[in-house]
Number of protein chains: 4
Amino acid sequence: MTHKVAILGASGYTGAELVRLISQHPTIEIAALSAERKAGMTMAQVFPHLRHLELPVLCKIGEIDFTGIDLCFCALPHKTSQEVIAALPQDLKIVDLSADFRLRDPDEYEKWYGNPHAALAQQKEAVYGLSEFYREEIKSARLVAGTGCNAATGQFALRPLIASAVIDLDDIILDLKCAVSGAGRSLKENLLHAELSEGYHGYAVGGTHRHLGEFDQEFSKIAGRPVKVQFTPHLVPANRGILATVYVKGDAQTIHQTLATAYADEPFIELLPFGEAPSTRHIRGSNFCHIGVAADRIEGRTIVIAALDNLTKGSSGQALQNANLMLGEEETTGLMMAPLFP
Amino acid sequence: MTHKVAILGASGYTGAELVRLISQHPTIEIAALSAERKAGMTMAQVFPHLRHLELPVLCKIGEIDFTGIDLCFCALPHKTSQEVIAALPQDLKIVDLSADFRLRDPDEYEKWYGNPHAALAQQKEAVYGLSEFYREEIKSARLVAGTGCNAATGQFALRPLIASAVIDLDDIILDLKCAVSGAGRSLKENLLHAELSEGYHGYAVGGTHRHLGEFDQEFSKIAGRPVKVQFTPHLVPANRGILATVYVKGDAQTIHQTLATAYADEPFIELLPFGEAPSTRHIRGSNFCHIGVAADRIEGRTIVIAALDNLTKGSSGQALQNANLMLGEEETTGLMMAPLFP
Amino acid sequence: MTHKVAILGASGYTGAELVRLISQHPTIEIAALSAERKAGMTMAQVFPHLRHLELPVLCKIGEIDFTGIDLCFCALPHKTSQEVIAALPQDLKIVDLSADFRLRDPDEYEKWYGNPHAALAQQKEAVYGLSEFYREEIKSARLVAGTGCNAATGQFALRPLIASAVIDLDDIILDLKCAVSGAGRSLKENLLHAELSEGYHGYAVGGTHRHLGEFDQEFSKIAGRPVKVQFTPHLVPANRGILATVYVKGDAQTIHQTLATAYADEPFIELLPFGEAPSTRHIRGSNFCHIGVAADRIEGRTIVIAALDNLTKGSSGQALQNANLMLGEEETTGLMMAPLFP
Amino acid sequence: MTHKVAILGASGYTGAELVRLISQHPTIEIAALSAERKAGMTMAQVFPHLRHLELPVLCKIGEIDFTGIDLCFCALPHKTSQEVIAALPQDLKIVDLSADFRLRDPDEYEKWYGNPHAALAQQKEAVYGLSEFYREEIKSARLVAGTGCNAATGQFALRPLIASAVIDLDDIILDLKCAVSGAGRSLKENLLHAELSEGYHGYAVGGTHRHLGEFDQEFSKIAGRPVKVQFTPHLVPANRGILATVYVKGDAQTIHQTLATAYADEPFIELLPFGEAPSTRHIRGSNFCHIGVAADRIEGRTIVIAALDNLTKGSSGQALQNANLMLGEEETTGLMMAPLFP
């Protein structure tokens with residue numbers, strides 16, 4: 001049985017990544033692709049790497065007939081997404097890739113995003129889309145909110161450790177290194193090749209990055225009390241990849257064993273042998289997350305490093321994984337491709 | 001029905017690329033992987049990006065039992081390959097990725113490679129592995145010689161034009177831009193990141209590159225008389241991709257139409273609309289070749305540009321395409337994945 | 001004696017490069033820096049790499065008092081430059097880095113740039129700024145038009161060969177590979193890191209690049225009859241550098257000797273030993289141009305390759321070289337820094 | 001008055017960087033260049049970017065007449081350096097760029113480097129070469145040991161904070177991001193472009209990096225009691241640059257003020273305005289170190305980020321700065337060039 005899907009916001013990187021992944025999916029068919037400013041164009045014109053595919057012409061959202069659409073991916077900008085989703089049929093299954101439905105508390109949403117939420121009804125029913133930890137809720141959800149790519153990486157490293165209380169909850173430092181595609185296809189001076197290539201820097205330094213809202217929500221929920229992590233992202237000259245170096249206080253062997261147990265049956269989470277460190281080059285273009293654990297020379301200090309592809313496992317791959325769950329498909333369908341190296 | 005294959009030389013880039021591609025192939029199973037100097041190691045140790053796969057441990061060639069192996073990929077260094085293949089069972093189907101069996105004339109082989117051929121019996125039966133042009137021969141071949149990656153790119157741009165005599169055969173210039181993975185995983189100073197990144201240069205300037213042997217052989221055969229092209233490769237700071245800018249004398253519209261006719265039914269060759277130029281970023285990691293044609297401002301001059309991924313369509317993807325033909329599978333099986341962009 | 005200069009358009013890459021170079025010049029002092037949209041900001045805010053320098057605050061052009069300014073660099077966008085220069089004091093020495101005054105024939109200007117020239121009086125007196133070939137005229141010029149960066153590279157390879165008629169004038173092909181900073185700090189999708197990195201492509205294919213106007217003008221003037229070259233630029237994933245691979249018909253040894261003679265006393269032009277090919281990595285950040293010559297295997301065909309840094313020798317370095325000439329300084333002052341490698 | 005210098009180990013990156021810097025120095029002249037395996041070659045052959053310079057031909061160390069040499073730079077591999085220096089004239093001024101003389105305690109040396117020290121007499125007299133903090137000792141030193149590039153970066157961020165006790169000495173985390181030229185021109189698989197480009201990873205994870213020996217020595221000395229920092233380096237796909245993100249416990253404004261006071265008169269240390277973060281792109285090719293300070297959202301936590309060029313300020317620039325001091329020159333001579341951006 002084939003499921004028909006629509007992709008809203010198909011002219012951005014996460015939209016294109018969804019098309020790439022779904023093109024290999026045996027039972028999902030793309031029935032509609034929207035892109036407001038590029039309506040009327042073909043995907044081959046917007047993304048020449050997809051020119052071999054037979055795809056619907058890009059249209060405006062208002063032109064889509066959602067009858068017969070089984071699921072809709074929203075790869076729209078933050079804030080736009082909530083407005084669009086509020087107006088979509090209320091029985092349509094939706095996987096949202098934006099930040100709009102990630103935070104359960106509307107006040108937290110407003111604090112981090114600067115505006116009151118415009119789709120409170122939908123916000124209430126949204127399920128947080130970190131598949132490995134919300135699998136059952138996602139299966140029966142109507143609206144799933146894809147996690148932030150940085151937030152996903154940090155959570156894969158930390159959730160089992162917080163849940164089992166094997167680390168000091170008050171002294172967690174996440175130093176992230178992010179590739180540039182996470183910033184999307186937007187025209188900003190600091191995303192130009194001439195600016196980024198051969199240079200790297202920290203940004204949102206001091207705890208101002210919006211993904212902290214997700215960390216706070218999720219970690220506090222798991223711990224049953226407020227947990228605040230210190231989180232500093234850095235932009236590095238690469239296109240895909242997030243590497244989260246997490247500094248925690250706790251016994252390294254215990255931490256490794258805790259992660260081993262938590263992820264023993266997870267198809268996409270690969271825990272490396274103790275002492276090995278992952279690299280973004282080894283997960284590029286795939287839905288895998290590699291995690292490594294090492295003991296520091298200072299007793300009681302442990303380094304946990306997690307790596308994933310921000311566009312795949314961090315965004316569109318996760319979205320397809322969730323769609324599989326919502327549509328009753330095998331969770332891994334269309335997602336087992338090997339990473340591209342070199 | 002499942003076909004069992006062996007991959008000899010699995011610790012190089014083309015070997016790893018074969019594993020990546022075959023991991024998604026529904027009817028091919030990897031039964032053996034060899035790597036002389038890394039025998040005893042797992043692929044996960046040599047190529048951590050493949051750690052999610054269940055694969056045989058690396059072994060020495062001499063340890064492989066070829067009974068029950070349906071086809072063998074040889075991803076060995078030049079010269080080693082002919083020695084190994086001479087000693088393999090003589091009824092074993094082989095796809096060779098080295099340069100050893102590409103040239104039909106042993107004298108030409110010696111001229112370009114500097115040593116007498118050591119497997120003349122096998123050399124006689126080898127079929128040139130450019131799938132789109134030797135499809136029928138490949139189906140019934142025992143030994144297929146994969147083409148050079150640069151040679152493949154140039155031929156996709158030029159073969160139909162030479163066959164139909166729509167260009168001046170005595171004035172063909174190929175200016176190629178190659179990414180670094182084409183040089184393999186060898187330890188050479190000029191392949192270091194610090195040397196290559198942020199710089200580019202021509203090499204083998206003046207017509208000394210070995211792939212000229214293939215161009216001479218194939219183009220002269222098609223034309224029915226000697227054809228010698230001028231060919232200058234350049235190394236650019238990227239990991240995957242070959243871009244061949246071909247300068248020819250002939251009418252641009254006729255040339256575009258000739259290519260359109262020749263490639264109308266080819267699943268992997270995408271001819272762009274007249275006047276558009278392809279980019280390596282749009283074929284990365286895929287088995288597609290994009291070709292563009294434009295008229296120069298000087299009457300009677302035409303530019304043809306072809307782009308492909310040297311490790312996929314230029315090497316391991318082509319090898320799998322040929323294996324599909326030799327094993328009676330659909331030619332495109334396991335090869336229709338979309339390119340990875342960005 | 002110190003010369004005071006102004007730099008108009010200091011917020012672009014060529015403006016910043018001028019500041020970098022002049023900061024090491026013993027007798028030139030920056031008296032004013034303009035940037036219309038960033039007026040009021042410091043250079044440290046716009047270009048943090050220059051924060052160690054004491055520099056004037058950015059202002060609007062209208063705020064500059066040109067009394068006491070000995071020379072003005074115009075690093076403004078095309079078209080804006082001519083309007084600004086028409087309104088500047090008519091006895092002010094000017095080095096213009098834009099394309100506005102390069103073409104001697106106003107009709108040619110309009111053909112390539114699409115608008116009638118708005119400063120015909122100034123256009124008449126402008127001297128073409130290729131220092132090595134217009135040295136004497138530049139010394140006494142009031143207004144010097146900096147050459148295009150691609151145009152400079154091609155001319156260094158070809159001018160002496162055309163002048164001495166050692167090549168076929170009707171069959172010259174320039175295949176250029178340009179780094180991205182040549183496109184400036186403008187917000188265009190195709191200049192984003194995620195778009196450019198790991199990919200390369202031809203553009204302005206077919207003879208539509210504006211620098212052809214310069215090639216036509218200069219080569220025809222030298223030859224004393226119309227000369228039209230074929231010119232195809234390619235964008236490669238690097239920040240600085242132009243590599244021009246020039247395919248000519250003529251004897252390679254004669255060509256090498258002709259260039260050796262022509263450039264024997266030039267401080268910035270380095271002719272490599274016969275058969276060697278230059279690389280952009282070896283001229284980065286410097287005012288040098290490296291040229292190599294090799295014979296093709298096809299008799300009578302020669303490859304000439306020239307490499308320079310588009311922002312230095314191709315633009316701001318050349319501009320300072322010309323300013324030195326105009327101000328009576330040693331031509332090489334402040335320009336002999338070694339390239340940055342790796 | 002001109003000082004004659006020799007550079008031992010001129011075929012590596014730090015050797016070439018010394019030549020680049022000295023080529024602009026008004027009073028230092030290169031009298032000899034050694035490279036054991038490349039003796040007899042010219043620098044133009046080994047480093048074509050230096051071909052415009054008139055330099056001595058590369059020779060073996062044994063061939064150098066040290067009479068008349070005022071100072072010798074040793075850019076030799078670790079361990080080789082101590083053997084060579086033990087055999088050099090004992091009144092020759094030496095700036096050593098290797099790790100051999102950095103640690104004051106021979107036991108610590110053996111612990112971190114794995115072999116007993118082979119030049120204990122010289123080791124005793126060596127002065128630690130962090131110019132900003134050992135200025136007076138360096139002026140009168142005979143043998144100066146250049147610091148490790150990572151060690152220098154971390155110390156610029158931390159020394160004044162430890163000295164004034166404004167941070168918790170028992171909870172310091174250094175997360176470093178290093179470019180690849182720091183690993184030198186050695187032939188290792190993980191330094192290949194195809195391996196490194198588009199990927200990044202942590203290494204020496206857990207406190208095994210040798211520069212920890214320097215941190216331990218210097219920080220403990222300043223504090224007057226043992227101080228052990230946690231230090232994890234990461235390799236990122238860039239050629240030059242080190243970015244040290246330092247996580248400390250202490251008041252951010254106090255920390256910023258402490259650094260401002262400490263570096264008020266330092267010509268090469270640029271403290272950014274409070275809250276701003278430095279980038280490696282803004283110090284490339286220069287001798288500057290940029291430092292930023294920001295308060296984390298968690299009270300009492302501060303992030304200090306330092307950026308410098310590993311080959312310049314982290315190695316050869318520092319070496320020249322020390323040579324200036326030892327030769328009685330102005331400390332900044334030949335070192336004030338602006339960074340290269342983009």
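1. Domain bounds here come from an automatic or database domain assignment. On that basis, chain A of this predicted model splits into domain 1 (3-147 + 313-326) and domain 2 (150-309). Notice that domain 1 is written as two stretches, 3-147 and 313-326.

2. How far apart are the centres of the two domains of chain A? Taken over C-alpha atoms, the centres of domain 1 and domain 2 are 24 Å apart. As for who touches whom, 25 residues of domain 1 are in contact with 32 residues of domain 2.

3. Now the buried area. Between them, domain 1 and domain 2 of chain A bury about 2,400 Å², with 51% of it on carbon and sulfur atoms. On the domain 1 side, have a look at A:Tyr13, A:Trp112 and A:Lys313: they lose the most area to domain 2, together 30% of what that side buries.

4. On to the polar side of things. There are three salt bridges between domain 1 and domain 2 of chain A, and 16 residue pairs in polar contact, both residues at pLDDT 80 or more.

5. Which elements give two or more residues to the side of domain 1 that touches domain 2? They are helix 1 (13-22), helix 4 (106-113), helix 6 (131-139) and helix 11 (312-326) of chain A. Helix 11 gives the most, with five residues. Sorted by class, that side of domain 1 has ten nonpolar, seven polar and eight charged residues.

Definitions and conventions. Residues are numbered from 1 along each chain as its sequence is written. Chains are lettered from A and ligands numbered from 1 in the order in which they are written. This is a predicted model: local features need pLDDT of at least 70, side-chain atom pairs count only at pLDDT 80 or more; totals for chains, interfaces and linings use all residues. Side-chain values use heavy atoms; hydrogens and water are left out. Contact means heavy atoms within 4.5 Å. Buried area is the accessible area (1.4 Å probe) that two parts lose on being put together, summed over both. A salt bridge is a side-chain nitrogen of Lys or Arg within 4 Å of a carboxyl oxygen of Asp or Glu. A polar contact is a pair of N or O atoms within 3.5 Å; within protein, one must be able to donate a hydrogen and the other to accept it, and residues adjacent in sequence count only if both atoms are side-chain atoms. Helices (H or I, at least four residues) and strands (E, at least two) are DSSP runs, numbered from the N terminus. Ala, Val, Leu, Ile, Met, Phe, Trp, Tyr, Cys and Pro count as nonpolar, Asp, Glu, Lys and Arg as charged, and the others, Gly among them, as polar.
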